[in-house]
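Work each task on the structure before reading its solution.

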Amino acid sequence: MTDPAALLSALVAIPSVCRTPNGAIVALVRDHLARHGVEAAVLPGPEGDRANLFATIGPRDVPGIVLSGHLDVVPAGEGWTGDPFTLRQIGDRLVGRGAVDMKGFVACLLALVPEMVRAPLARPIHLALSYDEEVGCVGVRHMIDRLPALCAPPTGCIVGEPSEMRPVLRHKGKVAGRLTVRGRAGHSSRPDLADNAVHLAADLVGLVRGLHEDFVAQGPFHAMFTPPSSTLQVGVIAGGTGVNVVPDTCRIDWEARAVPGTDPMTIHDTLLARVAALVEPLRAAGREVAVESEVLSAYPALDLPDDAPLRGLAEAWSGHAALGAVSYGTEAGLFQAAGIPSIICGPGRIAEAHRPDESIGLADLEECCAMLRQVIADQR
């Protein structure tokens, strides 16, 4: 086995921030696989400067297991006590951007490649590494579309997001959107001759809050989650140029988290219907207002049944009982929507992600490698 900490150091050293080109990190992974005789398919996305990577170890024409991770990280931001893109050890922890979310899991996958190759495997192990997961699971969608040409239908998928190596059965779905409000600019001394986009935006914020309160009061509810209902919130509102100018533009970025059984896009559609019901009478009365809508990202919920065979396998492989649900989202819901049973199970704690001095424990890497050895043994 290659040292996973050394591989993690090499992965962290490449600042593969979401929405930026990722050719360097894809090349690193591809070259590592090639050194062990594994051919990887590099699958460029429509952006042209980013790509997914898919590799199969074992027979391609036999159903097998997918091990899924993402190569992108969130921006480093402020507050670090060292270079975010130089892995450093503090005690028994490794610190660097992406160490836990989720280059630690990727490093463990790569470290176990020699053992996968030597097995030999009767059923394949597929490595599925995607881009721009952090901005709505963008890249993996294109990879999932290509799977029928790449391998036999997989038996299941493990997404290695940090879960302290506990298999996770469920997460909420998500849709994020942007409402751009258009009004008519004017001097603040004559607001009667203008249409204030910020004022209308404030009414739309009320619609988002009202729909959220409807879900909280009426459900549907899912007892595994906290909170147990779908939720909505406005995260960004921006508009105006000065206090003496009636603003003609305002932007609202909003998000919904949907419990399993609720399609996130139905929440989007309900909100837009309420927006139209508010805006159309204003336009009919001669107001110069309009609202444009854009979907920024969306992915479905994960909802693996309690009695799914993959749950028992993941519990046996990891040595941990399954956890019913988590609050964060992953590409697992997209794999499940494509007909591939999916579960989350990866090293480290989600609380370490997206923060300065993000870190993962050496013991976390060891535990993840131990689980992967169990997967290898079961695929023989």
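**Exercise 1.** What volume does the largest pocket have, and which residues lie closest to its centre?

Solution. The largest pocket has a volume of about 550 Å³. Of its 24 lining residues, Glu134, Val135, Lys174, Glu255 and Arg257 are the closest to the centre. On a 1 Å grid over the protein atoms alone, a pocket is an open set of points with protein on both sides within 12 Å along at least five of seven lines, and a lining residue has an atom within 4 Å of a point. Points are joined across faces, edges and corners, and the volume is the space filled by probe spheres set on them.

The model is predicted: local features need pLDDT of at least 70 and side-chain atom pairs count only at pLDDT 80 or more, while totals for chains, interfaces and linings use all residues. Residues are numbered from 1 along each chain as its sequence is written, and side-chain values use heavy atoms, without hydrogens and water.

**Exercise 2.** Which strands each supply at least two residues of the lining of the largest pocket, and how does the lining divide by class?

Solution. Strands E9 (173-182), E11 (231-239), E13 (249-258) and E14 (290-299) each supply at least two. E13 gives the largest share, four residues. Strands (E, at least two residues) and helices (H or I, at least four) are DSSP runs numbered from the N terminus. By class, the lining holds nine nonpolar, six polar and nine charged residues. Here Ala, Val, Leu, Ile, Met, Phe, Trp, Tyr, Cys and Pro count as nonpolar, Asp, Glu, Lys and Arg as charged, and the others, Gly among them, as polar.

**Exercise 3.** Which helix gives the largest share of the lining of the second largest pocket?

Solution. This pocket has a volume of about 150 Å³. Its lining includes Ile65, Arg123, Leu310, Trp317 and Asp378. Helix H8 (residues 309-318) gives the largest share, four residues. The lining divides into seven nonpolar, three polar and two charged residues.

**Exercise 4.** How many cavities of 30 Å³ or more are there, and which residues line the largest cavity?

Solution. A cavity is a set of grid points where a 1.4 Å probe fits but cannot get out. The count is one cavity of 30 Å³ or more. About 50 Å³ of space lies in the largest cavity. Among the residues lining the largest cavity are Ser16, Cys18, Arg50, Asp72 and Tyr131. Its lining has five nonpolar, three polar and three charged residues.

**Exercise 5.** At what angle do H3 and H10 pack, and which residues make the contact?

Solution. Helix H3 (residues 99-111) and helix H10 (residues 362-378) pack at about 50°, their axes 9 Å apart. H3 is therefore oblique to H10. Angles under 35 degrees count as roughly parallel, over 145 as roughly antiparallel, 65 to 115 as roughly perpendicular and the rest as oblique. Axes are lines fitted to C-alpha atoms over the stretch in contact, and angles run from 0 to 180 degrees between N-to-C directions. Gly104, Phe105, Cys108 and Leu109 of H3 make the contact with Leu365, Cys368, Cys369 and Leu372 of H10, where contact means heavy atoms within 4.5 Å. The contact has seven nonpolar, one polar and no charged residues.

**Exercise 6.** At roughly what angle do the axes of H1 and H3 cross?

Solution. The axes of helix H1 (residues 4-12) and H3 cross at roughly 130° and come within 8 Å. H1 is therefore oblique to H3. On the H1 side, the contact includes Leu7 and Leu11, and on the H3 side Lys103 and Ala107. By class, the contact has 11 nonpolar, one polar and one charged residues.
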